[in-house]
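Welcome! Please take a look at the sequence and the model below, and then let's walk through a few of its features together.

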Amino acid sequence: MSKILLAMSGGVDSSVAAELLRREGHEIVGVFMKHGISLTEEVLRRKHGCCSEEDAADAQAVAKRLGIPLHLLDFREEFTQIVEYFVDEYTHCRTPNPCIVCNAKLKFGKLFELADDLGADRVATGHYARLEGGRILVGRDASKDQSYVLHRISRDKLSRLMFPVGGYRKEEIRAMASELGLPNAAKKDSQEVCFVPGDDHAAFVREYVFQKTGKYPESMGDFVTTTGENRGPHQGLERYTIGQRKGLGLSFREPHFVVRLEPDTRRVILGKHDELACETLEAADVNWQIDVPSEPFRCTVKIRYRTPALPAEVTPKEGGFSVRFERPVFGIAPGQAAVCYDGEQVLGGGWIQ
């Protein structure tokens, strides 16, 4: 049996992970990563995030119920780096994925340093993914699979990682939590960016830039269709992302989507659904979970967390790769990750350029 450092978010998944590890006889040390943001009661009623002061209280209650120690660590400085990445991507008309960055830098970066300091053999989390033979595999519950956001973990850390809930379905985890009498058994899943109150990304970006610079970002411009029709002013580039249809405040005979954002002209380009179609993409800053490929290969590629992996040919390049899909793909957004799979195995991924 091992001494295991378990990241506890206050959610049901990491809480049941603690019990599963305890049943196996491991010595568990819990750790909660505080980002230092306290949310209002109104936001809390609508909040589906993690890592707040309120979530820390849930983690403490679970640790007390299970009889395991829990360290509350102030990661405000580290979270600030992630916040600045998030804001910078939006202000450059890219669609960020802070969960991927957080996993790479904090959950599977700083936590390993802490594990070494505490003499822990391994690090565990409540992610829905599996580990077999040094490979990351998709979780058993396809609707909750989180392998996409784990692709940037260093290969040399996989032998020390554990994902205890990855072999279960969500309903099984909730049932276990209820049987154990855990106070968070019915808590809603984390679905929002943990440091964005109310999930209003645009308002957060504008206020953050104002606090840093004393002025709001100069991002107002016009909606323009792909046929050149000016449809009037928009409310700021940070409010829109590729593929967006809702929240435009415009009416068309046929549905229109955001197909392009232009930071130089500050225009939001709108087009019909088929104008979102792309057959290729370029990805950079790749992290491979396999030996670096030297030749093109067939696999499936996922371009967003909630989209299926689609058949494609991947051509490795220095520091990145290009992808050609078998069929057109809709809504490829710069700033998101392109993650390659061989069946259930994560091969690696990079940032869409």
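Strand S1 (residues 3-7), helix H1 (residues 12-23) and strand S2 (residues 27-34) form a right-handed β-α-β unit; right-handed means that, with the strands pointing away from the viewer, the path from the first strand over the helix to the second runs clockwise. Helices (H or I, at least four residues) and strands (E, at least two) are DSSP runs, numbered from the N terminus. This is a predicted model, where local features need pLDDT of at least 70, side-chain atom pairs count only at pLDDT 80 or more, and totals for chains, interfaces and linings use all residues. Residues are numbered from 1 along each chain as its sequence is written, and side-chain values use heavy atoms, with hydrogens and water left out.

**Strands**
- S1 and S2 pair in the parallel sense over 5 bridges (pairing takes at least two DSSP bridges), and Leu5 has Val29 as its bridge partner in S2.
- S2 also runs parallel to strand S3 (residues 70-74), joined by 5 bridges; here Phe32 is partnered by Leu72.
- In S2, 6 of the 8 residues are buried (under 20% relative accessible area; exposed is over 50%, partly exposed in between, with a 1.4 Å probe and protein chains only).

**A buried arginine**
- Arg152 is in the loop between strand S6 (135-138) and strand S7 (161-162).
- Arg152 counts as buried because its relative accessibility is 16%.
- Its contacts (heavy atoms within 4.5 Å), leaving aside neighbours within four places in sequence, include Asp285 and Trp351.
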